[in-house]
Amino acid sequence: MGSAPVNTVQDIAERYVKLVLAIGRHDAAYVDAYYGPPEWQAEALGERRDLAAIGRDINDARARLSQQSPALAEEARRIDFLDKQLRAMRARVDMLGGTVFSFDEETDRLYDAVAPHHARAHYAQLVERIDALLPGPGSVSARVNAFRAGLAIPPAKLRSVMDAAIQAGRERTLQFIDLPEGEHFQLEFVGDKPWSGYNWYKGNYQSVIQINTDLPIYIDRAVDLGCHEGYPGHHVYNVLIEQDLVRGKQWPEYSVYPLFSPQSLIAEGTANYGIELSFSDEERLAFEQQVLYPLAGLDAGLAQRYAQLNALLTQLSYADNDAAMQYLSGALTPQQTMEWLIEVRLYPAEKAAQRLQFYDALRGYVINYNLGQDMARDYILRQATAPEPARAKAQRWAAFRDLMASPRPPSALR
């Protein structure tokens, strides 16, 4: 593979796929999905290339990519996407070889983005607003989690609640996005994972959606997880990529998904933005009150106050990034990070412990959720300029679809 001539973007794209698979031999988490030619995967499995050789091939591929002269804007975007993916690949190889980057340098190299940071005092102002919403004795964190304790979905009701949430997301998605016949997902409940939900794309328009039941799943998470992992999130993202780019344009680079790459910020950002695109605040409250709360056997009279609480908790999301940065740099010990997550981010202790596992496993990946959502939202709203609400909504969905199924790295969203 290493010495074969590479003269066109298509050649470089094929080489890129094989390099991703080669890194996967060194990093079990790196290849999130692959549905390209089986012989390429067999080649990677049969030959464990060393990191130095992979690094040289990445450098060579980027050099050859820089020599391309695109005639069309779409081809230029394709080259930009491939270059940013290869740059991230080089950084991941360096990290596997022992290089340590600062948190911001790591996210810039891997995800083509750097998240803003805030001091603890910034979050304290938000915590004061939550204190006012839930007055009483004890810490704000304890009050938040005592309130939420009564809103956990009973395990026996979980599948029916998740099925309803996913179906509602699918119905809303199909109003604006045509999906290929036969697209389908399988829902599984799992445990012993550092994440709350995951979409494993299998190709041929099929996904396995896994929900982690290690911790209580609160009623608001049904819509979040259903939209994020399913419709219009990861499942739709991967289906559109396979349909439009892998099959439609015969671009092999999209048949593989390297987890630690700029593609993840687009994937996670659109999946999170897809929640608010599918449900306005009013629509979500009505759906949860009228459908999900009764299915779960929970008191729908708590729904409005819980929605107010979640709106404030969402504003604390960047505290997760700052916790990860300080923990990974050693500025905070594990115990101090737990305290930050409990008292600043207002997580329950068991959730805080799970976040430490996430940081250990995925490091700066945490920025892809909140920063990715903000970048996707800002980009999409700039495309939706119609004054009429119905037309603006259609424009948002069109821009959302285009963002998911076009070659565009995060830096191109600014």
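Predicted model: local features only at pLDDT ≥ 70, side-chain atom pairs only at ≥ 80, totals over all residues.
I began with Phe176, which is partly exposed at a relative accessible area of 32% (buried is under 20%, exposed over 50%, partly exposed in between, with a 1.4 Å probe and protein chains only). Residues are numbered from 1 along each chain as its sequence is written, and side-chain values use heavy atoms, leaving out hydrogens and water.

Next I looked up ring pairs: rings of Phe, Tyr and Trp (its six-membered ring) pair if their centres lie within 6.5 Å, and planes under 30 degrees apart are stacked, over 60 edge-to-face, the rest tilted. I got 16 aromatic pairs by this rule. Phe176 and Trp397 are stacked, because their ring centres are 5.0 Å apart and their planes at 5°. Phe176 is in the loop between helix H8 (158–174) and strand S2 (184–190) and Trp397 in helix H18 (residues 389–404), so this pair ties together parts 221 residues apart in sequence. Helices (H or I, at least four residues) and strands (E, at least two) are DSSP runs, numbered from the N terminus.

Then I stayed with Trp397, which is buried at 2% relative accessibility. Its ring and that of Phe400 have centres 5.8 Å apart and planes at 80°, so I logged them as edge-to-face. Phe400 is buried too, at 0%.

Last, I found Tyr111, Phe358, Tyr365 and Tyr369 linked into a cluster by ring pairs. Arg355 lies over the face of Phe358, 4.4 Å from the ring centre (NZ of Lys or CZ of Arg within 6 Å of the ring centre and within 35 degrees of the ring normal).
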